[in-house]
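Visitor: I would like to go through this model term by term. Please set each label against its cut-off.

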Amino acid sequence: MSKSSKVLNLKDKINGNEVDLSLCNLTEVPVRELALFTKATVVDLSCNNITSLPPEFCNLTHLVKVDLSKNQLTCLPDDLGNLTSLQHLDLYNNKLTVLPVSFSQLRSLKWLDLKDNPLEADLAKAAGDCLDEKQCKQCASKVLQHMRELQDEVDRVREKRLLREKELERKREVKQREREAKEKEARKREKAEEKEKRRKEYNAQKAAMAAREQQKKKSEEKKKKNGLAAGETKDKKAAEKTAAKPRRSLIGLLFKLLLLLLMGLAGVAAACRLTDLQKEAMCVPVNIAVDDGLSWAKEQEGVVRQLVQNMSSAAKEFLESTQASKT
């Protein structure tokens with residue numbers, strides 16, 4: 001059956017503000033078609049095979065009276081409380097065990113029939129027998145009160161759950177902050193340790209540089225001291241050499257003069273003895289002196305030998321001292 005035919009058939013079943021869809025062998029509610037007729041505030045869906053109401057049924061907020069008796073309903077939509085205009089609801093002879101918590105929001109509800117449903121004990125006690133008009137009105141009032149209590153309980157449970165979730169979230173945030181604080185403290189400590197390590201390395205380098213500078217300074221002072229000592233020794237030797245040199249020069253000069261004198265005397269003696277000058281008057285005393293000297297020398301041969309030896313030793317010592325001073 002097409003949508004147009006459904007609309008046409010639904011129009012055929014409208015009488016004023018009432019729509020009679022009972023005994024139509026329906027398995028579902030024609031919600032879209034009912035939504036088109038907002039003036040139809042009374043809907044009779046009894047004696048069908050409807051097992052559930054679609055969520056869109058809760059959008060039919062213009063409904064005032066709904067008859068769903070003698071169907072196969074096992075549950076009602078969660079948002080049934082949106083039907084705030086609903087005053088009369090017949091759910092007789094279905095298979096309902098519970099009602100949605102939002103049922104407590106049907107503040108306009110004045111009449112309710114729930115008999116012949118396998119209701120839970122508390123709900124069945126609140127619903128009562130629903131045998132007449134008065135009992136059905138009492139059923140509506142008591143069931144709404146019961147559902148409000150359930151709603152309050154649900155709200156309390158939800159609030160407790162929300163509080164638990166908030167507390168858990170708060171604890172997670174606290175743990176997160178503690179973890180972040182610990183991580184921050186650890187990073188801070190690592191940075192401080194790294195800085196202390198660099199400071200120690202820097203101080204060690206400074207100490208090593210200072211030690212090298214001190215060692216270098218000591219080495220330079222030692223070299224300087226050794227240089228001064230060597231210079232003093234050198235100066236001392238030079239002074240000694242300078243002091244000894246004039247003494248040696250004087251002795252050498254005297255020795256040379258003596259040698260020249262002896263050579264001169266020897267030459268004179270040789271000229272007076274070996275040449276024709278021996279008869280000259282000036283050579284007579286020379287010859288006499290030479291003869292006397294030779295005679296004396298013969299007599300003093302031992303003394304001369306001793307003198308020669310002494311002179312040789314003196315000359316040898318003089319030569320050795322000269323070589324040592326040069327060295």
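**Labels and cut-offs**

Guide: Residues 24 or more positions apart supply 36% of the chain's contacts with a separation of 6 or more. This is a predicted model.

Visitor: What makes up the chain, in helices and strands?

Guide: The chain has six helices and six strands. Read from the N terminus, the elements run α-β-β-α-β-β-β-β-α-α-α-α.

Visitor: What makes β2 and β3 a pair?

Guide: A pair needs at least two bridges. Strand β2 (residues 18–20) and strand β3 (residues 42–44) have three bridges, in the parallel sense. Therefore they count as paired. In one of these bridges, Glu18 has Val42 of β3 as its partner.

Visitor: Why is Leu114 called buried?

Guide: Buried means under 20% relative accessible area. Leu114 has 2%, so the label holds. Leu114 sits in the loop between β6 and α3 (121–127).

Visitor: Which residues does Leu114 touch, beyond those up to four places away in sequence?

Guide: Leu91, Leu99, Leu119, Ala127, Cys130, Cys139 and Val143.

Visitor: What is the phi of Cys130?

Guide: About 55°, a positive value, although Cys130 is not a glycine. Most residues other than glycine have a negative phi.

Visitor: Which residue in the loop between β4 and β5 also deserves a look?

Guide: Lys70, in the loop between β4 and β5 (88–90). Its phi is near 55°, positive in a residue other than glycine.

Visitor: Why is Lys70 called partly exposed?

Guide: Lys70 has a relative accessible area of 41%. Buried requires under 20%, exposed requires over 50%. The value falls in between, so Lys70 is partly exposed.

Visitor: How do you know that His62 is buried?

Guide: The relative accessible area of His62 is 17%. The limit is under 20%, so His62 counts as buried. His62 is found in the loop between β3 and β4 (65–67). Leaving aside neighbours within four places in sequence, His62 contacts Leu34, Phe37, Thr38, Ala40 and Thr41.

Visitor: What share of the whole chain is buried?

Guide: Buried residues are 24% of the 327 residues. The chain exposes about 23800 Å², with carbon and sulfur atoms supplying 55% of that area.

Visitor: How many cavities of 30 Å³ or more are found?

Guide: One, in a search of the whole structure. The largest cavity has a volume of about 40 Å³.

Visitor: What makes up the lining of the largest cavity?

Guide: Leu53, Phe57, Val66, Leu68, Leu76, Leu80, Leu83, Leu86, Leu89 and Leu91. Leu, Phe and Val count as nonpolar. Therefore the lining divides into 10 nonpolar, no polar and no charged residues.

Technical notes: Residues are numbered from 1 along each chain as its sequence is written. This is a predicted model: local features need pLDDT of at least 70, side-chain atom pairs count only at pLDDT 80 or more; totals for chains, interfaces and linings use all residues. Side-chain values use heavy atoms; hydrogens and water are left out. On a 1 Å grid over the protein atoms alone, a cavity is a set of points where a 1.4 Å probe fits but cannot get out, and a pocket is an open set with protein on both sides within 12 Å along at least five of seven lines; lining residues have an atom within 4 Å of a point. Grid points are joined across faces, edges and corners, and a volume is the space filled by probe spheres set on the points. Helices (H or I, at least four residues) and strands (E, at least two) are DSSP runs, numbered from the N terminus. Buried means under 20% relative accessible area, exposed over 50%, partly exposed in between (1.4 Å probe, protein chains only). Contact means heavy atoms within 4.5 Å. Accessible areas come from the Shrake-Rupley method with a 1.4 Å probe; for residues, only the protein chains shown count as cover.
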